[in-house]
Amino acid sequence: METTSTVNVRRNEHERPTPALPPAALFINGEFTAGESTETFTVINPSTEENILDVPRASTQDVDRAVAVAHEAFGTWGRTLPAERATVLLNIAQRMEDERELLVELESLNTGKPQAVAEDDVDSAIDSFRFMAGALRAGTTLAAGEYAKDHTSVIIREPLGVIGAVTPWNYPLLMGVWKIAPILAAGNTLVIKPSETTPLTTLKFAELTADLLPAGVFNVLTGRGAVIGDRLASHPQVAMIALTGSVGSGQSVAASAADSVKRVHLELGGKAPAVVFEDADIEATVAGLRNGGFWNAGQECGAACRVLVHESIAEEFTSKLAEAVSSLVVGEPGAGEDVEIGPMISQAHYSRVLDHLKLAEQEGNEFVTGGQAIPTKGYFIEPTVIKASQGASCTQQEIFGPVISVETFSGEEEAITRANEVPFGLAASVWTKDAQRSHYVASRLDAGTVWVNAHLVLATEMPWGGFKGSGYGRDLSAYALDDYSRTKHVMHNMSR
């Protein structure tokens, strides 16, 4: 594919000051510390390809050290009252709000996220802590009572223990908090491994909250998933492993965890279908998919990346979608409030997305707009709409970039069957003015979240998680607290 792009990348007119970086160290037992190894890796700014910081790679010995202190800390933290833990979570939320601007700038620097996306990440993370602080005090469970004659049953909900978490690069702080907040709220302790590509805000979170959490309750290890994740998954003192990442990573973690029969919480990939019926409001649908398909440059597991549109409106819809997508403003953080699309996260992912586009071209699909790299510093790719043939690779595989494919269907049952044919089941959307149809189709789509006349709208109070290859377990909502705790039945004999 020739790089003859006419898309311009908006650049900062003046050099931006670097936000206060976190210590380049591991965070264990309430303090930053050197690892057992001297090996490091470099965190890179994806907008400019410049180096930001060299961060240590933790070893299995570091994992064992972190788990040991987390296990010891659990003895106290796990027995704190819900009100006490809620106070800590509220204090964390306030500290994050006080440092909101710093966290936004640091997340943008590390990921290339536009201002609006980074601000939404930080605000949602703060809200997650506040929600969990309330939810942990209002848990619902079966009422105590007499269910067997002369015996009173009581249900106790308990924390699990030490939990190992592995978080992704596309939402480093937000998806980190989706793990941190309910895990701590439920009374567990935590060892978390952020992505090697984007560890800065997780380390900064540790720095900002070090005085708010007891030593050992929260620990951060930076480095390779194959080292840290595998050891956490197999460690006998880790009660559960929670991962957001690729299907391959989830399979690897689940296999390692199986040997010790530990719990696994997986939020994996997606290929979200957006089913557009002939009676849909085309203008509103185009606007919704422009946002829902390209938020965070499409590096979003719930992105509306696969559109199925009724054949009777396909030509008009596709033309209007391409026009809307071609108006997206591409740029680096700080280059203006109207910047909507940033870079791919890394050279490796940039190459991967371009390989998907090359395959789509080789398979004979039509690029209605975009389709190539933008020749500039940084990992920028044109926002792309592909008119795709049924079964094309671009309609089946998770591209995880600024790419939407459009296919046509002729009938309702065909649309449902085709929407469900991919191995993922994280999210989907239905676009129609027919209320009865919207209920029927939504109930038939095999996805953990289904939107009607919307896409990618999240609420902290509602669960997020998928079916099939998208994993199991739920982030957000009170369901996350259930995932990170266990129920115990205690029965008292009352007979006299």
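Guide: A crossing is left-handed if the near helix is turned anticlockwise from the far one by less than a right angle, and right-handed if clockwise. The model is predicted: local features need pLDDT of at least 70, side-chain atom pairs count only at pLDDT 80 or more, and totals for chains, interfaces and linings use all residues. Residues are numbered from 1 along each chain as its sequence is written, and side-chain values use heavy atoms, with hydrogens and water left out.

Visitor: What is the radius of gyration of the protein?
Guide: Helices (H or I, at least four residues) and strands (E, at least two) are DSSP runs, numbered from the N terminus. The protein has 15 helices and 24 strands. For 496 residues the globule rule (2.2 Å times the number of residues to the power 0.38) gives 23 Å, so the protein is as compact as a globular protein of that length. Its own radius of gyration, taken over C-alpha atoms, is close to that value: 23 Å.

Visitor: Buried residues make up what share of the protein?
Guide: Buried means under 20% relative accessible area, exposed over 50%, partly exposed in between (1.4 Å probe, protein chains only). Of the 496 residues, the buried share is 56%.

Visitor: How do α5 and α6 cross, left-handed or right-handed?
Guide: Axes are lines fitted to C-alpha atoms, for helices over the stretch in contact, and angles run from 0 to 180 degrees between N-to-C directions. The axes of α5 (residues 172-185) and α6 (residues 200-209) come within 8 Å and cross at roughly 55°. That makes the pair oblique, the class left after roughly parallel (under 35 degrees), roughly antiparallel (over 145) and roughly perpendicular (65 to 115). The crossing of α5 and α6 is right-handed.

Visitor: How many charged residues does the contact of α5 with α6 have?
Guide: P172, L173 and I180 of α5 meet T201, T202 and F205 of α6. The contact has 4 nonpolar and 2 polar residues, while charged ones number none. For these classes, Ala, Val, Leu, Ile, Met, Phe, Trp, Tyr, Cys and Pro count as nonpolar, Asp, Glu, Lys and Arg as charged, and the others, Gly among them, as polar.

Visitor: Are α2 and α4 roughly parallel or roughly antiparallel?
Guide: Helix α2 (residues 82-98) and helix α4 (residues 115-135) have axes 8 Å apart. Their packing angle is about 165°. The two helices are therefore roughly antiparallel.

Visitor: How many nonpolar residues are in the contact of α2 with α4?
Guide: The crossing of this pair is left-handed. From α2 come A86, L89, L90, I92, A93, Q94, M96 and E97; from α4 come A125, I126, F129, R130, M132 and A133. Besides 1 polar and 2 charged, the nonpolar count is 11.

Visitor: Where is S405 found?
Guide: S405 counts as buried, at 1% relative accessibility. Leaving out residues up to four places away in sequence, S405 touches C305, R306, V307, I386, A388, C394 and T395. Its element, residues 403-409, is strand β18.

Visitor: What is the phi of F400?
Guide: F400 lies in the loop between α12 (393-396) and β18. Its relative accessible area is 15%, so F400 is buried. F400 is not a glycine, yet its phi is positive, at about 65°.

Visitor: Which phi value is L456 near?
Guide: L456 sits in the loop between β21 (449-452) and β22 (467-468). L456 is buried, at 15% relative accessible area. Its phi is positive in a residue other than glycine, near 70°.

Definitions and conventions:
Contact means heavy atoms within 4.5 Å.
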